Amino acid sequence: MSRRTSKSQAQFDRGCKVLVGGVNSPVRAYLAVGGTPPVIARAKGATITDVDDNTYIDYVCSYGPAILGHAPDAVVTAINKAARRGTSYGAPTSGETQLAEAIAAAIGGIEKVRFVNSGTEAAMTAVRLARAATGRDKIVKCVGCYHGHTDALLVSAGSGAATLGTPSSPGVPAGATADTLIVPYNDIEAMRALLTERSDEIAAVLVEPVAANMGVVPPAEGYLSKLRKLCDAAGALLVFDEVITGFRLAYGGAQAVYDVRADLTILGKIIGGGLPIGAVGGPAELMDHLSPAGPVYQAGTLSGNPVATAAGLATLQALREDGFYDTLHERSAELESGLLRAATAAGLGDRVCINRAGSMMSCFLTPEPVTDYSRAAAANKEAYGAWFHMMLSGGVYLAPSGMEAMFVSAAHTAQDIAQTVSAAESAFEAAANLM
Ligand SMILES: *Cc1c(COP(=O)(O)O)cnc(C)c1O
């Protein structure tokens, strides 16, 4: 496929004059892979089309929400109907109650929900709630796990050992992260040391049950259940950030798959059916610390937005269809084995690590198994850039960074997978030249 780029280039240049870096979220800017991002005109099913009319098979899926593919009829209809009834009232609605009921029915341990407008807000709220409920200030997060861009959680860089968090961004005062402790993901001994040593100080441990913001890194065998026990012993709350994994790994999220219950669950992405949303959920006695039932302040003009909750409800309904996740995971397994075949054909069989959890996966260009951030960061970035650009010219739209996940949706067909694998053959050859 010869890719036309002139309209995207012109639109992006125009955007750069009025939008910072031409984007509204940094990863979209292609800094990690070079070049100019296609400017998107529309998307339907498994494909996304840019303003030059190039159509790609999309594995970004809006960074996770589009589990049904783009613009599924049931969701579009629900959005239209809801919008005609008014797009925001600043008052209770039955739609938000129904979505909360569906979430509570899906995820064990959630009795009550507070809706917000993004995953970032949900994480921020969970931290405040955990601190108030425990009367403690310290929180623990894992290196390379992402919980949105709130100050206290914008800490990920580190030596790998448990240290006091240092901010990852200018503008975050040291004071804002002084109570954030970090440990490497999947390192249960580091977590044990920290939780034992400071057991009376720690309000909560936040973790992505399957890490997906350093590329996809599944938890080691028993990691999450050990974490549960350590938190119980320390009197700390275990907070699962299921913004990506919720309704993605299974209808009941990672908690159903790994059979570990979190005290608080952070949700976003899929539960809004492609519209902005976030949520915190947990047992009533914890959640009732939030205002107006309790003293912990939290609010939002557009929270529980009727259009977003309608889109979320329609999405969740589609996910409840018999065999939904089986089919999705079979398709994803086909993609995984196809990519491995293509890598092997290009002579990279022993220098690629494909991590997959259900319908999320990452292809790391590294000979080592990727189990944490430092291993993920050791993957060859230049080779990823070459791989990425060959995939793009082969009609496959991937995240412009090796530290992001690939998402398969229910709209991806066996033919889409085959076409992707065929593009991957030349892409791996291009990568091999740089490895
Ligand atoms: C995307 C994401 C967030 C942040 O959600 P936003 O809606 O982008 O604010 C938080 N946690 C995880 C695990 C995410 O993937």
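Gly215 touches Ser362, Phe364, Gly402, Met403 and Glu404, leaving aside residues up to four places away in sequence; contact here means heavy atoms within 4.5 Å. This is a predicted model, in which local features need pLDDT of at least 70 and side-chain atom pairs count only at pLDDT 80 or more, while totals for chains, interfaces and linings use all residues. Residues are numbered from 1 along each chain as its sequence is written, and side-chain values use heavy atoms, with hydrogens and water left out.

Gly215 lies in the loop between strand 8 (202-207) and helix 7. Helices (H or I, at least four residues) and strands (E, at least two) are DSSP runs, numbered from the N terminus. Gly215 has a relative accessible area of 0%, so it counts as buried. Buried means under 20% relative accessible area, exposed means over 50%, and partly exposed is in between (1.4 Å probe, protein chains only). Gly215 and Ala376 are 161 residues apart in sequence, yet 7.0 Å apart in space, C-alpha to C-alpha.

Thr344 belongs to helix 11 (residues 324-345). With 47% relative accessibility, Thr344 is partly exposed. Between Thr344 and Val155 there are 37 Å in space, C-alpha to C-alpha, and the two are 189 residues apart in sequence.

Helix 11 also packs against another helix. Two packed helices are described by the angle between their axes and the distance between the axes. The axes of helix 11 and helix 14 come within 8 Å and cross at roughly 20°. Axes are lines fitted to C-alpha atoms, for helices over the stretch in contact, and angles run from 0 to 180 degrees between N-to-C directions. Helix 11 and helix 14 are therefore roughly parallel. Angles under 35 degrees count as roughly parallel, over 145 as roughly antiparallel, 65 to 115 as roughly perpendicular and the rest as oblique. Among the residues that meet are Leu335 and Leu339 in helix 11 and Val421 and Phe428 in helix 14. The residues of this contact divide into 9 nonpolar, 2 polar and 4 charged. Ala, Val, Leu, Ile, Met, Phe, Trp, Tyr, Cys and Pro count as nonpolar, Asp, Glu, Lys and Arg as charged, and the others, Gly among them, as polar.

Helix 2 (residues 73-84) and helix 10 (residues 306-319) pack at about 155°, with their axes 8 Å apart. These two helices are therefore roughly antiparallel. Their contact involves residues including Ala78 and Ile79 of helix 2 and Ala310 and Ala314 of helix 10. It comprises 11 nonpolar residues, 1 polar and no charged.

The aromatic rings come next. The structure holds 8 aromatic pairs. Rings of Phe, Tyr and Trp (its six-membered ring) pair if their centres lie within 6.5 Å; planes under 30 degrees apart count as stacked, over 60 as edge-to-face and the rest as tilted. Tyr185 and Tyr223 form an edge-to-face pair, 5.5 Å centre to centre with 65° between the planes. The pair links distant parts of the chain, 38 residues apart: Tyr185 is in the loop between strand 7 (180-184) and helix 6 (188-197), and Tyr223 is in helix 7 (residues 223-234). Tyr185 is buried at 1% relative accessibility, and Tyr223 is buried at 2%.

Trp387 and Phe428 form a tilted pair, 5.2 Å centre to centre with 40° between the planes. Trp387 is in helix 13 (residues 381-393) and Phe428 in helix 14 (residues 414-432), 41 residues apart. Trp387 and Phe428 are buried. Ring pairs link Tyr30, Tyr384, Trp387, Phe388 and Phe428 into a cluster.
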